[in-house]
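Let us read this chain together, one feature at a time.

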Amino acid sequence: MAANAQAQLDPNRAAQRKAAMEEAVRKVTGGAPLRRGRVKLDLPPLIDNGNAVPLSVSVDSPMTPADHVKAIHVFTERNPQPNVVNAYLGPRAGRARIETRARIADTQTVTAIAQLSDGSFWSDSVEVVVTLSACLEEGLI
């Protein structure tokens with residue numbers, strides 16, 4: 001009987017999710033390097049219920065026509081779909097800050113990436129612990 005037992009989870013799932021996250025980030029950055037700093041990702045480090053997690057992202061930028069944030073993206077490494085939110089901004093936004101709620105599937109790293117008008121990409125990451133997981137759709141990575 002033990003010889004016929006199969007694992008319920010795909011052993012390659014972690015590798016598939018990592019590859020999906022890397023591909024999602026590559027689509028945004030075009031392979032450009034990510035720099036640390038200028039971005040502040042704020043969300044609770046301990047999440048009781050992953051179905052509606054408050055998060056905010058702010059970017060240190062003067063928001064002038066010559067120097068502004070063009071976009072803010074949030075990614076998760078263990079959600080079925082790694083790209084959680086995309087916000088597009090311009091100099092008339094006044095501040096480079098977004099706030100929203102997101103579904104967080106499981107204990108993982110959440111990453112925010114800001115694209116600046118000079119073509120640079122800046123990021124911040126936060127490790128979160130989720131006690132009640134969300135995003136458990138079957139058939140997704």
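Q: Which residues have the most contacts inside the largest nonpolar core?

A: In soluble globular proteins, nonpolar side chains tend to be buried together. In this predicted model, the largest nonpolar core has 26 residues. L41, L43, V57, V59, V69 and V128 have the most contacts inside it.

Q: Which strands each supply at least two residues of this core?

A: Read them in order: β2 (39-42), β4 (53-59), β5 (69-76), β6 (83-88), β7 (97-102), β8 (108-116) and β9 (121-130).

Q: What does L41 touch, not counting residues up to four places away in sequence?

A: Sort the partners by sequence position. L41 touches L55, S56 and V57, among others. Its partners also include V110, T111 and A112. D124, S125 and V126 are on the list too.

Q: Now the overall layout. How many helices and strands does the chain have?

A: Count the elements, then read their order. The chain has 1 helix and 9 strands. From the N terminus on, the order is α-β-β-β-β-β-β-β-β-β.

Q: What share of the contacts with a separation of 6 or more comes from residues 24 or more positions apart?

A: Sequence separation is what to read here. Residues 24 or more positions apart account for 65% of those contacts.

Q: How many of the residues are buried, as a percentage?

A: Buried residues make up 40% of the 141 in the chain. The chain exposes about 8,300 Å². Carbon and sulfur atoms supply 50% of that area.

Q: Which side chain makes a polar contact with the side chain of T76?

A: The side chain of N79 does, at 3.4 Å. Leaving out residues up to four places away in sequence, T76 touches M21, Q81, P82, V84, I104, Q108, T109 and V110.

Q: How far apart are R95 and T64 in sequence and in space?

A: Compare the two separations. R95 and T64 are 31 residues apart in sequence. C-alpha to C-alpha, they are 9.9 Å apart in space.

Key:
Residues numbered from 1 in each chain as written. Predicted model: local features only at pLDDT ≥ 70, side-chain atom pairs only at ≥ 80, totals over all residues. Heavy atoms only, no water. Helix = DSSP H or I, 4+ residues; strand = E, 2+ residues; numbered from the N terminus. Buried < 20%, exposed > 50% of the residue type's maximum accessible area, 1.4 Å probe, protein only. Contact = heavy atoms within 4.5 Å. Areas by Shrake-Rupley, 256 points an atom, 1.4 Å probe, with all protein chains shown as cover. Core = buried A, V, L, I, M, F, W, Y, C linked by side-chain atoms within 4.5 Å. Polar contact = N/O pair within 3.5 Å; in protein donor to acceptor, adjacent residues only side chain to side chain.
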